[in-house]
Each structure stands twice: as structure tokens, then as C-alpha cells.
Amino acid sequence: MKDVGEAYMPNFGLANDDFQKLKQAKIDAIEGNFDICAEEGDVRYFLNQSYRNNLKVIMSAGAGEAEWGYSCNQNKYPDDQKPVWNKKEVAAWINKWKNHPAVYAWDISNEAGSVFPNSNKFTLSLDQLKQAYKDVKRADPNHPIIIRMNGWFFYDYDSNFFRNGNPFDKKTADIVMINAYSNVDDYYDDFVSTVAKRARESIIKIDPNVKIVIALGVWEEQPLWVKPGKKQLLNDTKQVKNQKGLLGVAFFKYGAEGSEWYLPGDSPELLGVIASTSP
């Protein structure tokens, strides 16, 4: 489950029973919505509660904008500011948390920085991702490295998927999570199966050792993203499970009570579908 909690809220807006709800929904790994700017106490709470509830944690080490040189708690950045790898601070962050028993993996990229400041002009290049992979692996060789990729590249094109904004090659990731968010107004019932098949075939062709996860959308952010219905989520989940050779299925997003989206409060029926379809 991705985006568990909200970075701007104390303890990320989470209570002890949120971790229990996630475990009851048969979730086994979670990723918070925070980066290296997070307060130590909040991160420790997140990791400790995860550990107590037998949840593994994917930690940001490049998925957040702060890891690429954008200052913490700043609303406006220069229009010409490019993402620049913050190697020293990321290594310090990894060394601080890598021995916590809840840590599962490090996330070094969410859709090549598509939500960073100035992303209309600058996204992360393949060389940047490879450098991040190398540095994170050097800081912690014992946990896998994840990148998240945009599923629409695999649906809108029938070849050359790894173009600008969606780079991939060897020594870029150990696990690739494909954001196969079908929850738009014009729903395509073959979207998830097409994306999963094309992503797996093209990625494995380059690096057969990479594991692949398909992430489904379970949130609403109008006007682009709409809340999926139970039937749609059941169909999407079935399509993932029908694909061979995948590591698993993920969901975005959980949120936090009092924020714009809180899965247990805004859509308990979708949380029920997740619980009923999980292994």
C-alpha cells in the first residue's frame, strides 16, 4: 500500500489502529508519503508501528524531491532549478534507518520525478537513476531498490516504452513498480492487463532479474482521477493475478484521516475488496 499517511501531519496523520487496519486488509508492505525532510520522531513512529504489526516498509531514498536538491518546506523554486542528486544527505538518511527491522526496500524514483518542481521541463534521466542506484546500493547492499514507472507509457505506445520520462535499463532497479492507474473517467477494461503484459515483457528482456509489481489506483483526485467502483477494482485485481511472473499487486493510496483522501473513511468498500482479494 502506497502513500500511507501525509507528510505535513504529526505522525503523518496516522494512529495505531491504521497499521492494524492495513494488516487486517492483508497488506504486507507499505510506503509512506514522506522523504528525507521528515522529522525523526515521525519516521521512528511509522517504522515501529509497522514492525509491531508485521508490516514491511519501503523508504524513500530518491522518490522525494528533497533527495534531488529541492529544499525542505519551500513552496516556490526557481523556474530553472533542475533535479540534482543529493548523494551525501541520502547516504546519511539510509545509514540512519537501514538497520531498522521494518525496512524492506529503498524507493529511488517515482515516475522519473514527474511530480517534482519544474517537471514540465526537467525529469530524471537514465544516467541520474543509475547514479542513484549505485550510491544507494553502496550505502545499503542488503535491501532491494525500487523505482516506480508510469503505466500509461505502456498503454499509449506499443513499443519504445522507455522514452523520456520513463527511463529504464540494467542497474536501475531490483524491483519495478508499474503505476497502472486505470481510475479515470474513460475506463479501459483491458488497461491493466495490457500494461502488465507489455511492462513485464519489455523490462525482463532488458534485465531478467528484476521483479515487477503492478500498482492499482484506489483514490480520487478530481478532475483527472476518479474513485474506482468495486467492480472495476475486482476486474483490475483479477487482471494482475492472471499475469505470470509478477511479484505482486500494490494499491495507491491510503492517505490519512483529515486529509484529502483517507481510504478507510472515504471508501471502506474498496479496502474490503483489497482484503478479499489478497492472498
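These legends go with a handful of close-up views of a predicted model.

**View 1. Helices α2 and α3 meet at an angle.** Here α2 (residues 40-52) runs up against α3, with the two axes coming within 12 Å and crossing at roughly 45°. That angle makes α2 oblique to α3. The crossing of α2 and α3 is right-handed. On the α2 side, look for Glu40, Val43, Arg44 and Leu47; α3 brings Trp93, Lys96 and Trp97 to the contact. Sorted by class, the contact of α2 with α3 has four nonpolar and three charged residues, and no polar ones.

View 2. Is Asn86 buried or exposed? Its relative accessibility comes out at 18%, so Asn86 counts as buried, the cut-off being under 20%. Setting aside neighbours within four places in sequence, Asn86 is in contact with Ile36, Ala66, Glu67, Trp68 and Gly69.

View 3. Helix α6 covers residues 191-206, and at 1.5 Å a residue its 16 residues should span 22 Å. The end C-alpha atoms of α6 are 23 Å apart, which agrees. Now for the inside: Phe191, Val192, Thr194, Val195, Ala196, Ala199, Ser202 and Ile203 of α6 are buried. The partners for the buried residues of α6 are the strands β5 (145-150), β6 (175-179) and β7 (211-217), plus the helices α5 (152-156) and α7 (230-241).

View 4. You'll find Phe12 in the loop between β1 (2-4) and α1 (16-24), and it is buried, with a relative accessible area of 2%. Asn160 belongs to the loop between α5 and β6, where it is exposed at a relative accessible area of 52%.

**View 5. Two cis peptide bonds, at Pro223 and Lys253.** Most peptide bonds are trans. Gln222 and Pro223, though, are joined by a cis one, with omega of about 10°. Pro223 has its place in the loop between β7 and α7. The other cis bond runs from Phe252 to Lys253, with omega near 10°. Lys253 lies in strand β8, which takes in residues 248-255.

Note on methods:
Residues numbered from 1 in each chain as written. Predicted model: local features only at pLDDT ≥ 70, side-chain atom pairs only at ≥ 80, totals over all residues. Heavy atoms only, no water. Buried < 20%, exposed > 50% of the residue type's maximum accessible area, 1.4 Å probe, protein only. Contact = heavy atoms within 4.5 Å. Axes fitted to C-alpha atoms, helices over the stretch in contact; angles between N-to-C directions. Helix = DSSP H or I, 4+ residues; strand = E, 2+ residues; numbered from the N terminus. Parallel < 35°, antiparallel > 145°, perpendicular 65-115°, else oblique. Left-handed = near helix turned anticlockwise from the far one by under 90°. Nonpolar A, V, L, I, M, F, W, Y, C, P; charged D, E, K, R; others polar. Expected span 1.5 Å × (residues − 1).
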